[in-house]
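I opened the model today and kept notes as I went. The entries follow the order in which I looked things up.

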Amino acid sequence: MALPVAEWQGRTARLWAALDPALREQMAAASLRDAVRLGCDLLRTKEEEEAALARLCHRTPTDKDPEAASWYREQGNREFQRGQYQAALRLYSKVASHEPPRSAEVSVCFANRSAALFRLGHFEVCLEDIARAESHSYPDRLLPKILLRKAECLLSLGRLQEAQDALGVLESKTAVDGVMTPQLKKLNQLKVKLREKERCPKPAREAQSGTQGKPEVWEENNRISGASSSLSLNFDAERGRHLVASRDIVPGQRLLKEEAFVSVLCPGKSLPVQDGDTAWDTRATNADLYCHRCLRQLLAPVPCQGCSYAKYCSQDCAAVAWQQYHRTECSLGALLLTLGVFCHVALRTVLLAGFAEVSRLVARSHSGDKDLQNPEARCKRPSEAPDAGAGARGIPGCDSNGQYQSSYQALFHLLPHTEQHSPEHKFLCTLSVVAVCKQLQAAGLEAAVLDQESPQQWSKPKTCEKTSGELSPELKTMAEAMLRHMLQLQCNAQAITVMQELGPGDGAVVNKEPVRLATAFFPVLSLLNHSCCPNTSVSFSGTATTVRASQPIPSGQEVLHCYGPHRCRMRVAERQQLLSQYFFECHCQACLEELESGAKSVVSIRNSFCCPKCRAQMQGEEDTLHCSNGACATSASRENLSGRLQDLQQQIKKALDLLRVGKADQSIKMLLKCQMDAGNFLSPEHLLMGEMEDHLAQVYATLGKWQEAARHLKKSIEIVEMHHGPASVETGHELFKLAQILFNGFAVSEALSTIQRAEGILSVHFGSQSAQIQELQEMKACLSELPRNILQRT
């Protein structure tokens, strides 16, 4: 949720409509500084709005709640007893988030979670949870249980000396306190197991398979941080700042690697707790699955000690987050979730930048530095630059040496498009950032925000007497910068995406789809302009992005990135409508070709309806479609056909739900029926036809029917290639799945050729070090080691 919840948007819209027309006009034309001043004045006199916002925040509580902890513990214990250890693991993590830090209760929770981790075979992480339990006042009477588990983990990992030490500690404790018979029996079993392992020779280390990709040759640009030396930074009035190839670039070449200046995890969908509710949401969202700082996938998250929301991959990550920004954000969790990710990104941006740098750049924007609002002026009159802020070459955002860094200065110079946002949107953003700053002041966090506290004072926010509601000048400066960043995000927010597994992920063929994980600012990536047919491919690893050339880029050609609407996925009219949010009209080559030719979009033809009688394409722009076959007079209602398409999509969803609960045979029957129905009114090239083939391949693979799975997936690949092209990342992902199926089906020769093709495509988009390439190389190495007679037969 990028913007605030719908209820807050509705309240601000009604408040805007009720304003005096003169005040509305003043607000619409206001500078960022004046907008903040007016917003402060307005909220100070509208106590009912603040009360309403407080009620909205109550729906998404982020404080620690002992009742929630107790409820989640019961659910976790129930799942553990049923043998559902993955579900129990998730629920115990929710318990840990709600228990008070350093308490006996949280130590028991970590011990319970270690039991689930042990059953799942995650021995290293199990040991980490055991250590957490021991350091959080774990009850002495229960200690033998986790010491036995610790020893068993160490034995499983081959760490025999440590296992012996753990058993020695347990024996000493037994001698003093005694131990129950089952535990004594287990202790003796582990001692026998330890002696057996000590007698066994240590297994020789496996030789490296040589599947690691070669390190990339990389020469960094001396003027653009994280960029290849093959790029140059240019500026003109039409395209603004943009990157151009300074030499010929080949497909797959890495052009940029940049760490996000700031990123905020998108929480994902969750069920808010209403007044009087006694049940809590047990589903796992992004907030449960990924580290709130580095975005690493979580197995056993480390909870924040102050709130129930923030979770981290390690204590180190939690400590860095606390020092950099979470000490301020911790008590504001419910407010930030209510006001949306854009507002949260704006706050975290100024916290990371620090008040000194924020106030310096805000002051410059007040002192007539026109390039902050109108960078074209800087380009046309470089000799008039008042200081080094625009760089030696007159390009906004560069430092005094003419270098463009991934820095707060570069981020600050991204255009906020203040004049082009609707007055209502600007009003919503203004009230939202002012509400955050008022809460900072009311919670006694102003000194922390202004970097005026020492680390020893960061333990938790202080309470203070209620103020008059007037923001301090320093917080008004922070609010102005936050408003700037919130407006910038509409055009410069970058979605960090991750390929997330569908289903439990324990099958022979892993099905994944891209999921939006976080929203971030990448100052250097933001230099890339849009094209509906880009020459780059963008991927993410944690909070870092990598840009590669997806096709040859000759010297002098602009390097382009797709902002979302791609020519392979939608028609030019739909693309232009979606791109309007960026305040420009796309004139890329793809759009110009479609607009000038007047020809019907390839996307429209392939994703068209077909005649139920003769299977020819249905055509027409009105509500009634007609068969394109002159000998056939069939017509049909567009509304009726669209309704059939929606019903079909619902049936496909039901078929996939059947697969998820283990009813593969029923799933196949339903998907085959969906295929027959679709053939009566959809083009054979319709993307949904390919998706059904993909789903059938998935079901047959689940049943181990590899030949059938491969047959359906090949049909899916044909359709994907028609839509996205034979060298597209979409085709690469499908070939990766086909390689898995052929590998498991022992179709050696075909698997090797498919692996080679998938490698060629995916290495262009993700590089030779990516996880998928490594897996393909491991499959290839395994198949290549088979006896020659088997290879010849296949």
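This is a predicted model: local features need pLDDT of at least 70, side-chain atom pairs count only at pLDDT 80 or more; totals for chains, interfaces and linings use all residues.

**Entry 1, a sheet.** I began with an open sheet of 3 strands, in the order S13-S14-S15, with antiparallel pairing. Strand S13 (618-619) and strand S15 (635-637) are the edge strands; each has a single partner, so one side of each lacks a neighbour in the sheet. Two strands count as paired if DSSP finds at least two bridges between them. Met-618 sits opposite Cys-627 in S14. Helix H25 (residues 638-660) packs on this sheet and touches S14 and S15. The direction of H25 makes about 65 degrees with that of S15. Contact means heavy atoms within 4.5 Å. Axes are lines fitted to C-alpha atoms, for helices over the stretch in contact, and angles between N-to-C directions run from 0 to 180 degrees.

Residues are numbered from 1 along each chain as its sequence is written, and side-chain values use heavy atoms, with hydrogens and water left out. Helices (H or I, at least four residues) and strands (E, at least two) are DSSP runs, numbered from the N terminus.

**Entry 3, another sheet.** I then looked up the open sheet of 3 strands ordered S3-S11-S10, where pairing is antiparallel. Strand S3 (254-259) and strand S10 (536-541) stand at its edges with a single partner strand each, so one side of each has no neighbour in the sheet. Neighbouring strands here are turned by 15 degrees against each other on average, direction ignored. S3 pairs with strand S11 (residues 544-549) over 5 bridges, in the antiparallel sense. Arg-254 stands opposite Arg-548 in S11. Helix H30 (residues 748-766) packs on the sheet and touches S10 and S11; its direction is at about 125 degrees to that of S11.

With 20 residues at 1.5 Å each, H19 should span 28 Å, and its end C-alpha atoms are 28 Å apart, which agrees. I found 16 of the 20 residues of H19 buried. Buried means under 20% relative accessible area, exposed over 50%, and partly exposed in between (1.4 Å probe, protein chains only). Gly-444 follows H19 and has a positive phi, near 75 degrees. His-417 lies in the loop between helix H18 (408-412) and H19. His-417 counts as buried because its relative accessibility is 18%. Leaving out residues up to four places away in sequence, His-417 touches Cys-491 and Phe-583.

Definitions and conventions
The expected span of a helix is 1.5 Å times one less than its number of residues.
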